[in-house]
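Here are a few exercises to work through with the structure open in your viewer. Try each task before you read its solution.

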Amino acid sequence: MSDLHDMEMRQVYGITLNKLIAGNPNVMCLEADLSKASGTNPTVAETNPGNFVNAGVAEANMIGIGAGLAIEGKVPFCATFSCFASRRVYDQIYLSVAYANVNVKIIGTAPGITQGPNGGTHMDFQDLATMRVMPNMHVYSPCDPYELRAMMRHMAANVQPTYMQLVRPKVTPVFNESYAFDPEKAVVIREGDDVTLVSTGYITSFAVAAAEALAGDGVSVDLLHYPSVKPFDVDTLVTSAKKTGAVVTVENQSIIGGLGGAVCEVLAERHPTRVTRLGIPDRFGEVATEQYLFDKHGFGPEHIKEACRKAATVRT
Amino acid sequence: MSDEFDKEAAGHVADEWRYIVTDMICRAGSGHIGGALSLIEIMHTLYYRVMNVDQENPLAPDRDRLVLSKGHAAPVLYVALAYKGFFPASLLGTMNADGTTLPSHADARTVPGIDATTGSLGQGLSVACGMAKAAKLDGQKHTVFCIIGDGESNEGQNWEAAMFAAHHKLDNIVSITDYNKLQIDGFTDDVLSIEPLADKWRAFGWEVFEMDGHDWDDIYTNLKKAKSVIGKPTMVIAHTIKAKGCCPVENTPGSHNVKVPDQEAYDKFIGGLTTQDVEVPY
């Protein structure tokens, strides 16, 4: 078992950034007064102070600085809470990064309901959706430490404006040391015939558990994990939907526009299939535990199982 | 260099640029004439006397950079770059035409010699900070120039960048405010005053110079001085006249973006210029 296995995701983020800097001194770590929350302070700040830039509580400026650094050949990773990294600086990302097509990596930490105690003001359920509709952007959500590391290596090695969600605490690993990331490919974690279950981000570990439990109940799940919601691997989804005729999506996001939205768009055009979207409905967040929000909005492990069971009985 | 400068010849070039900028906008049917014409002498001085650039190698690592944060003034930048030989001047006539590489706002993706893509106001100084920071990290000695508008100075992001540049002692930034006293909805003092502007920048830790943005000597002297400031970024406040040289709209709020729907309007704008006998290069 690797040392990554038991690390907090933000620890993996900081350590991986240090390794990337060691391999390429142009890699930069940008923060907006949340560097401890992102896991880069002291990890990166002390090991690579020359590559660490704190913009202060000025997210718009951080994105612009990132764009300027990228124009000059640097590879800036700019992190802040996902609510600030997406909706607060949407125009800065749109114009100075995506439209200008410069190599900035934007990291939205504590996505969706993982903002817990900070509550509704800090919860962003829309970043996968809002970033996905921006031309030139790649949009990723890693499910575990191995995928996070592989994704960051890919980001540092490729000239490509990118937005990545980063859940901060420990999560249940899904993959292992051998994992390789390809933004063009979904990962078929489990093959089945009764229902297609599609997930992204740390929710995938719940999907894995749900699929295993369903197998014991005689429901066989084709489990697709999408580390990248843009680019979106169309073929893997369509092939699976043709096989099962029933699709359930689950994500730590609004059911409007994110992974569920992407799945619906693809299937509507390529292979119309009934889709059940699990996530947060058209609501704002609130101060609460993850369990409370899973139960309230119906996208926890039990809800995933139930939705798959139902979907399998009303196949298209 | 200043000794060799032929003010009379430069004056003729400035008249020619005013004519071409106006003609480009007229052919396009509309455009941001005011904020382009207020920058004619400044842009000429930057590209001919102050900035180190190489049209044969537009991405030369040691070149000086320019971020035209008020991206709507792109027509004057396009003319300067074409005259310097960054791209054929024949392209100037295609501005805003379908499929053009010269859009209304400055575009680094399609125009050789442009260092940053701009158009959404308030973002350019942040980008300039990133470029200047990169230069410091890499031990490069060039200067990053950044032109912002007075109306644009309403945008809060400028002041985030102002704090950052001073904190990081980015003395390789020379910013210029095109202070023509007008923004889209009227005079800046009526819409949202930016005064006391010099004091604001000083309070943010910047060196501040003021100049007449249409006086060749004043522009050259202040930009050279700004380039040599050590330990802090510099703001040069350029007092200018919006739409300078185009009589029908000079110093009027309406000059921000003019519509040129027909020959009559074309004749009005072109006829309002001091020089008429210009052969456009397209």
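Two strands count as paired if DSSP finds at least two bridges between them. Keep in mind that this is a predicted model.

**Exercise 1. Work out how strand β1 of chain A pairs with β2(A), and find the residue opposite A:Cys29.**

Step one: look at residues 27–31 of chain A, which make up β1. Step two: count the bridges to β2(A); there are three, and the two strands run parallel. With at least two bridges needed for a pair, β1(A) and β2(A) qualify. Step three: go across from A:Cys29, and you land on A:Phe52 in β2(A).

**Exercise 2. Describe how helices α1 and α3 of chain B pack together.**

First, get the geometry: α1(B), residues 7–28, and α3(B), residues 40–50, meet at an angle of about 120 degrees, and their axes are 10 Å apart. That angle makes α1(B) oblique to α3(B), and the crossing is right-handed. Next, list who touches whom. α1(B) brings B:Ala10, B:Val13, B:Ala14, B:Trp17 and B:Arg18, while α3(B) brings B:Ile40, B:Glu41 and B:His44. Sort them by class and you get five nonpolar, one polar and two charged residues.

**Exercise 3. Find out how many residues each chain puts into the contact between them, and which helix of chain A gives the most.**

Begin with the totals: chain A puts in 22 residues and chain B 21. On chain A's side, α4 (59–71) and α6 (90–99) each supply at least two residues, and α4(A) gives the most, with nine. Chain A's side divides into eleven nonpolar, eight polar and three charged residues.

**Exercise 4. Check what confidence scores go with the model.**

For the model, ipTM is 0.96 and pTM is 0.97. For chain B, pLDDT averages 97, and 99% of the residues score at least 70.

Notes: Residues numbered from 1 in each chain as written. Chains lettered and ligands numbered in written order. Predicted model: local features only at pLDDT ≥ 70, side-chain atom pairs only at ≥ 80, totals over all residues. Axes fitted to C-alpha atoms, helices over the stretch in contact; angles between N-to-C directions. Helix = DSSP H or I, 4+ residues; strand = E, 2+ residues; numbered from the N terminus. Parallel < 35°, antiparallel > 145°, perpendicular 65-115°, else oblique. Left-handed = near helix turned anticlockwise from the far one by under 90°. Contact = placed C-beta atoms within 7 Å. Nonpolar A, V, L, I, M, F, W, Y, C, P; charged D, E, K, R; others polar. pLDDT = per-residue confidence, 0-100.
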